[in-house]
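Trainee: I'd like a close look at one part of this model, the sheet, and then at what surrounds it. Please take me through it in order.

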Amino acid sequence: AKQWRGVLHEYRDRLDVTDATPIVTLGEGGTPLIPAPALSARTGARVFVKYEGMNPTGSFKDRGMTMAISKAVEHGAKAVICASTGNTSASAAAYAAHAGITAAVLVPEGKIAMGKLSQAIAHNGELIQIQGNFDDCLDIARELAEHYPVHLVNSVNNDRIEGQKTAAFEVVEVLEDAPDLHFIPVGNAGNYTAYTRGYSEELERGGATKLPRMFGFQAAGSAPLVSGSVVKHPETIASAIRIGNPASWELALAAREKTDGYFGAIEDDQILEAQRILSREVGVFVEPASAISVAGLLERAEAGHVPAGSVCVLTVTGHGLKDPQWALRTADGSDVTPTVVGADVSEVAGVLGLR
Ligand code: F0G
């Protein structure tokens, strides 16, 4: 049987991949676009969820990383470096391991989810915790890549954006056009930029008849693209997007302009509520940063900015298992305590209310 071969093979003719490119792949991409009737019912739109948690390391970063690592190896790199809030480091470590090269990863101390930390360690990344935030990590990674023989694989590297644009190709292929609105989390705004590029290329080649309006969302405590100024001390429980100075700031503004898009800010409790709705009503478990797409849709619909019947695609960027602690808390913030009974059928039946 034929299996999905990863985005560099599947979209070879639409990427800078030649016979000289050693393709480093873990089979990323080809993720499901899941209809979400519960969200359609809540909003009056036709809602689909692009589940990027289904990538090999559990996030969309793998699409960009297959490209960035393949091109790095093509150029002779023996080591790569990145700053990360967790997912990029997990992905870089995995793809570097597959390629047989070293990945150095800089993360903000104590501020990345346990699942992501364990991925970087499992794949033997050179993990360094920095006593600072993500923005400090990125400054250091950029400077190291400038002065030492180590290749930067953050999304300031255009190869990352190129790989990530393939998600828009997949959406267009399934829907047989672009959606009307696209909802997406924003940290560095690399992915917002990548989808805009992917949709633009589909429009040019005639695969799509329009560009979707790109709606990007940041956590209220770290929303520089909404406020228009750098946030020195970004705060949010959505640690993946705890970023105060987005690397792709200018590209993001250009993408918003081009698509008649929008940037909005969402409070942490709305993010967690959206995570619960997506888990309970759609059956898709995502990390908090990813749930902001859902929160953004609900907020925009509530405000009357989602036309009835419009086709809405929500990118949910990372798997819920990366940062599971939030699912173990109730809406009022207390711990969930699973029921315990003896190994007895009638006791279990009693608890379940079966009679
Ligand atoms: N969602 C998740 C789960 C992420 O990990 C990130 C970024 C984003 C959304 C935002 O994407 O930066 O392209 O706007 N995570 C990076 C990392 C910063 O290091 O893993 P963006």
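Trainee: In what order do the four strands of the open sheet lie?

Mentor: The order is 5-4-3-6, and the pairing is parallel. This is a predicted model: local features need pLDDT of at least 70, side-chain atom pairs count only at pLDDT 80 or more, and totals for chains, interfaces and linings use all residues. Numbering starts from 1 along each chain as its sequence is written, and side-chain values use heavy atoms, without hydrogens or water.

Start at the edges. Strand 5 (126-130) and strand 6 (151-152) each have a single partner strand, so one side of each lacks a neighbour in the sheet. Strands are DSSP runs of E, at least two residues; helices are H or I, at least four. Pairing takes at least two DSSP bridges. Strand 4 (residues 102-108) joins strand 5 over five bridges, in the parallel sense. Take alanine 104: its bridge partner in strand 5 is glutamate 126.

Now the domains, whose bounds come from an automatic or database assignment. Domain 1 (7-59 + 160-328) and domain 2 (61-157) both contribute to the lining of the largest pocket, so this pocket lies between them. Its volume is about 230 Å³. A pocket is an open set of 1 Å grid points with protein on both sides within 12 Å along at least five of seven lines; a cavity holds a 1.4 Å probe that cannot get out; lining residues have an atom within 4 Å of a point. The largest pocket has 14 lining residues, with Asp135, Asp136, Asp139, Val230 and Asn245 nearest its centre. Five are nonpolar, four polar and five charged. Asp, Glu, Lys and Arg count as charged.

Turn to the cavity. There is one of 30 Å³ or more. The largest cavity has a volume of about 300 Å³. Its lining has 25 residues; Phe60, Lys61, Gly187, Asn188 and Ala240 are the closest to its centre. Helix 4 (87-99), helix 7 (158-164) and helix 9 (190-205) each give two or more residues to this lining. Helix 9 gives the largest share, three residues. The lining divides into eleven nonpolar, twelve polar and two charged residues. Both domain 1 and domain 2 supply residues here too, so the largest cavity also lies between them.

Just after helix 8, glutamate 176 adopts a positive phi of about 60°.

Key:
Grid points are joined across faces, edges and corners, and a volume is the space filled by probe spheres set on the points.
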